[in-house]
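Let's take a walk through this structure together, going from the whole chain to its partner and then to a single residue. Have a look at the display below before reading on.

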Amino acid sequence: MEATIFYMLAAVAVIATAFAITEKHAVHAIVYLVTSFFSLAVIFYLLGAPLVAVFEVIIYAGAIMVLFLFVIMMLDLGHPEKAKRPGRLEWLPAAVLGAVILGSILVLVTAHHPALPAGVSFGIRDFSLLLFGNYGIAVEVISMQLLFALVGALYLGRR
Amino acid sequence: MIVPLIHVLILAGILFIMGLLCVLVWRSNLIMILIGIEIMLNAAMLVFVGGAGQWGGADGQVFALIIMALTSAEVSLALALVVYLHRRRKTVNTDEFSDLKG
């Protein structure tokens with residue numbers, strides 16, 4: 001049952017991403033990407049990461065994509081007739097490169113099957129203990145980085 | 001683990017390649033380049049979460065959370081840069097920004 005849902009959501013994510021990267025209209029691409037992120041969030045939940053799933057919806061689909069939409073509308077970029085769409089001449093070499101890389105990834109992934117130990121499950125409590133205990137330094141560093149990003153965005157955005 | 005780890009890795013690989021294709025194909029549009037980077041970072045997060053689900057440690061989820069915070073910092077700066085560039089040249093076409101001093 002859960003495996004079936006996983007494969008369906010994987011198909012939804014891949015198809016939505018494919019539409020997003022071939023879409024000429026930037027706003028439509030963002031909406032397709034939100035669809036893809038929602039299905040990825042449910043995949044995260046199925047893989048045993050409810051907190052990451054919730055943050056995927058809140059931060060990615062909620063904040064980052066809305067930031068994209070905000071910038072697109074503020075700069076008035078939503079005119080697909082003005083945008084230059086890449087032709088077949090640009091898709092072909094990129095598709096060849098992507099096929100080569102994807103083929104090598106598939107070969108490497110499916111080449112050897114190590115005997116994986118069965119993992120123990122854990123809850124949000126263990127997650128929080130690990131995040132603020134072992135990785136406290138990382139939390140501090142990432143908060144400093146967010147502060148620097150704020151200062152940089154303010155500097156770039158001033159008139 | 002509901003599905004084999006290999007299937008998760010294959011899905012993440014397909015998504016990563018799609019992000020890479022987006023960056024390669026739409027290299028003259030700043031917004032689409034940023035969208036491609038988002039797709040690639042999401043694929044990386046999927047690998048971390050899949051590994052955490054396979055081996056049963058929460059470390060992968062912590063790293064996924066850190067990637068998310070990193071992405072939000074990166075996107076805010078990148079979109080501020082897009083606004084800045086658009087203010088200078090009234091376009092987001094990367095071919096227009098070819099001179100060092102302007």
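Into which domains is chain A divided? Chain A has domain 1, covering residues 1–81, and domain 2, covering 122–159. Please keep in mind as we go that this is a predicted model. Taken over C-alpha atoms, the centres of domain 1 of chain A and domain 2 of chain A are separated by 23 Å.

Now for the secondary structure. Chain A contains six helices and zero strands, and reading along its sequence gives the pattern α-α-α-α-α-α. Its radius of gyration is 20 Å, whereas the globule rule gives 15 Å for 159 residues, so chain A is more spread out than a compact globule. Along the principal axes, the C-alpha atoms of chain A fill a box of roughly 55 × 45 × 30 Å. As for burial, 23% of the 159 residues of chain A count as buried.

Next, turn to the partner chain. The contact between the two chains takes 66 residues from chain A and 56 residues from chain B. On the side of chain A that touches chain B, the elements giving two or more residues are helix H1 (2–22), helix H2 (26–46), helix H3 (50–74), H4, helix H5 (124–134) and helix H6 (136–157) of chain A. H4(A) gives the most to this side, with twelve residues. By residue type, the side of chain A that touches chain B divides into 53 nonpolar, nine polar and four charged residues.

To finish, let's zoom in on one residue of that helix. Leu106(A) lies in helix H4 of chain A, which spans residues 88–111. Which residues is Leu106(A) in contact with, leaving aside its neighbours within four places in sequence? They are Ile10(B) and Gly13(B), both from chain B.

Note on methods:
Residues numbered from 1 in each chain as written. Chains lettered and ligands numbered in written order. Predicted model: local features only at pLDDT ≥ 70, side-chain atom pairs only at ≥ 80, totals over all residues. Helix = DSSP H or I, 4+ residues; strand = E, 2+ residues; numbered from the N terminus. Contact = placed C-beta atoms within 7 Å. Nonpolar A, V, L, I, M, F, W, Y, C, P; charged D, E, K, R; others polar. Rg over C-alpha atoms; globule rule 2.2 N^0.38 Å. Buried ≥ 20, exposed ≤ 12 C-beta atoms within 10 Å, placed from the backbone. Domains from an automatic or database assignment.
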